[in-house]
Protein chains: 2
Amino acid sequence: MASIREIAREAGVSPATVSRAINNNPAVTPAMRSKILSVVNRSRYMPTVSRRETTNIAFAYTGEPSLGSPYDAALMLGMSDRMEQCGFDLMVIDLQRALMPHESYSQLFMRKGIRGCVLRTTTRTRHVCEQIAAEGFASIVLADRFDDAPVSYIYADSKNASRDAVEHLLGLGHRRIAIARNLVDDADHADRFAGYREALAAHNIEYDERLDFRLPASRDGGTQLIRRIAAMPQAPTAAYITDPESAAAAMVEAHRMGWQIPRDLSIVGFDDGELRYLTYPHMTAVCQDAREIGREAFECLQQLIGDTGKHTCIQRSLPTVLAVHGSTAIPRSGGPK
Amino acid sequence: MASIREIAREAGVSPATVSRAINNNPAVTPAMRSKILSVVNRSRYMPTVSRRETTNIAFAYTGEPSLGSPYDAALMLGMSDRMEQCGFDLMVIDLQRALMPHESYSQLFMRKGIRGCVLRTTTRTRHVCEQIAAEGFASIVLADRFDDAPVSYIYADSKNASRDAVEHLLGLGHRRIAIARNLVDDADHADRFAGYREALAAHNIEYDERLDFRLPASRDGGTQLIRRIAAMPQAPTAAYITDPESAAAAMVEAHRMGWQIPRDLSIVGFDDGELRYLTYPHMTAVCQDAREIGREAFECLQQLIGDTGKHTCIQRSLPTVLAVHGSTAIPRSGGPK
DNA sequence: ACAGTTTATGCAACTGTTTCATAAAGCCTA
DNA sequence: TAGGCTTTATGAAACAGTTGCATAAACTGT
């Protein structure tokens with residue numbers, strides 16, 4: 001296997017010049033560089049040791065990776081929008097798996113040439129985010145909130161838009177409004193529930209736990225919701241479904257039941273992409289722009305990387321908005337069926 | 001700034017031992033390692049030069065990145081399924097942007113510690129795939145086919161399933177069957193069209209170019225399709241829509257027109273994920289399992305990385321299947337309306 | 001208890017990078 | 001065209017981190 005010294009000998013230059021040529025150091029003349037590179041390519045040279053390139057930005061999962069979800073895909077897309085011009089590369093890592101025994105997170109990032117990381121977390125692994133922030137490594141958590149620890153985060157606050165959503169339903173005349181929320185109580189779903197409670201309280205409507213559904217945030221959750229509503233003696237006339245796929249699947253299942261939406265059931269869903277336009281009718285939904293969150297995340301990260309040693313802590317809240325489409329209307333007097 | 005020799009002096013060991021401890025070389029005893037790491041952490045040591053970690057697998061775009069699309073997201077998910085246990089990390093790069101002047105693709109990959117790459121390409125940038133394969137770098141192209149160049153690829157051949165789809169419609173009694181295909185003529189869409197033609201030919205039905213729609217592979221394409229069909233004097237009774245989002249959007253638009261599916265129009269869509277379960281009725285579709293393609297891709301790549309110098313060329317074709325759901329049925333005598 | 005085996009560590013050689021000195025080349029002015 | 005000044009491409013040498021090999025220390029099995 002060729003070494004840089006052999007290349008240098010063959011090209012008739014010093015090892016230093018070969019190193020510079022390979023690393024596109026502007027000090028070498030174009031003629032010299034192409035002479036050296038031709039020798040390099042001919043000899044199938046491969047460097048073994050080198051100055052570490054630290055130009056990666058990690059998209060890091062602290063717990064179970066949710067890679068492949070439309071939300072994560074949109075986040076990555078947004079990040080790459082902004083990374084284009086900066087010469088950074090995106091790397092996806094699973095921290096739980098990548099961390100070696102006795103290794104600190106900073107060491108892990110160092111080892112992989114990572115300059116900053118966007119963290120995706122779960123309720124069980126929030127301490128990892130705190131640990132990374134405490135080590136002083138440039139990091140920003142998405143879609144979670146840290147009120148008492150100095151952890152940077154970007155958070156799409158869905159409480160206000162959720163309240164708007166329920167107000168919208170109340171304004172249409174609905175009084176029995178169901179909420180379908182995740183089995184897992186993360187900050188996002190807690191917000192949506194809080195918005196729901198606030199809107200009800202503002203209209204002096206008592207919270208009814210029979211209208212509070214805890215379901216998996218998946219297609220299956222939406223299907224189950226409709227079946228359970230169908231079996232109720234006093235069915236709600238509207239539902240706020242706090243997960244995109246659940247909401248779309250609920251609409252499908254409602255159609256299968258022979259219900260008309262919004263006549264028999266008004267549905268407000270949640271959307272972090274464009275799913276609301278793929279349902280019939282188009283879905284009234286609380287929307288967050290995941291791509292924009294990704295863009296924002298990278299910009300914050302860049303600032304954090306710049307401010308080394310300053311221990312800057314960025315905590316930003318982005319708005320979510322209610323987009324009214326065709327899945328909500330005034331209730332029929334009798335409710336479904 | 002501390003160097004490895006200073007750490008060594010402070011810990012009372014040799015630089016070699018420090019290096020081994022930092023790199024989690026199993027030769028050092030746990031006691032020794034934690035002693036050294038405590039000195040390392042105390043002194044905020046940061047290595048500058050190191051053995052290059054070449055444990056990255058790239059998800060590389062030769063042309064415009066389509067990051068964020070459900071298909072790409074599912075591919076990545078599949079790849080990461082298999083990468084978990086191998087200690088590889090996934091890196092997303094845009095080759096066009098990352099390549100430096102006078103640099104070969106192998107050099108680029110070398111520089112970024114990439115051992116193998118999965119290539120996503122466009123018709124205009126296929127030559128990049130050929131170039132990378134010619135350089136002998138471990139690479140595999142997804143969703144494209146190279147018949148005359150020694151380029152490894154994994155391809156989901158949708159011709160047979162497309163023929164099955166049209167046969168299915170013919171079997172139901174349809175005779176005027178539209179096809180909606182992409183404006184861009186890539187291998188995938190060419191296959192689907194070929195399957196369509198074959199099925200028609202087998203039943204002695206003449207190809208009618210008025211039933212051949214070239215539309216953008218997007219929501220908008222599906223919407224346009226339905227509007228154009230609605231305006232036709234002799235509308236088709238069924239349509240094969242070769243793109244997932246177009247197909248879903250077409251179903252929505254059909255509902256908006258007041259049509260019933262499948263009564264007024266049978267639709268066979270395409271699905272590379274789970275979208276067919278989010279339409280009402282569930283969509284009969286030609287399905288490819290993008291996640292499985294991603295898994296397969298990583299396994300092939302692993303083999304290619306293993307066979308250095310052998311110039312192995314893997315060309316695999318995966319089947320796609322027709323999944324019959326509720327969006328197809330026997331035609332009403334009169335066609336839509 | 002002793003010979004044989006294993007293994008943790010250091011030495012020294014090695015790889016690639018970078019600073020600094022320097023020779024060559026360019027560039028004004030006279 | 002010469003002479004001084006600046007710029008710059010290159011090499012020598014120092015430097016950073018890694019690793020093959022030798023070896024001393026710690027086990028292991030009679």
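In the predicted model, a base nitrogen of DNA strand D lies 2.9 Å from an N or O atom in the side chain of R20(A). The phosphates of DNA strand D are approached from both chains: a backbone N or O atom of T29(A) is 3.4 Å from a phosphate oxygen, and an N or O atom in the side chain of S19(B) is 2.6 Å from a phosphate oxygen. In total, 22 residues surround DNA strand D, the closest being T17(A), R5(B), S19(B), Y45(B) and V49(B); a residue is counted as near if one of its heavy atoms lies within 4 Å. By class, this surface has ten nonpolar, eight polar and four charged residues. Of the atoms of DNA strand D within 4 Å of the protein, 69% belong to sugar or phosphate and the rest to bases.

Between the protein chains, 58 residues of chain B are in contact with 57 residues of chain A (heavy atoms within 4.5 Å). The interface of chain B and chain A holds six salt bridges, defined by a side-chain nitrogen of Lys or Arg within 4 Å of a carboxyl oxygen of Asp or Glu. One salt bridge joins the side chains of K112(A) and D89(B), at 2.7 Å from N to O.

V49(B), listed among the residues closest to DNA strand D, stands opposite R51(A).

Residues are numbered from 1 along each chain as its sequence is written, and chains are lettered from A and ligands numbered from 1 in the order in which they are written. For this predicted model, local features need pLDDT of at least 70, side-chain atom pairs count only at pLDDT 80 or more, and totals for chains, interfaces and linings use all residues, while side-chain values use heavy atoms, with hydrogens and water left out.

Technical notes: Pairing = 2+ DSSP bridges. Helix = DSSP H or I, 4+ residues; strand = E, 2+ residues; numbered from the N terminus. Polar contact = N/O pair within 3.5 Å; in protein donor to acceptor, adjacent residues only side chain to side chain. Nonpolar A, V, L, I, M, F, W, Y, C, P; charged D, E, K, R; others polar.
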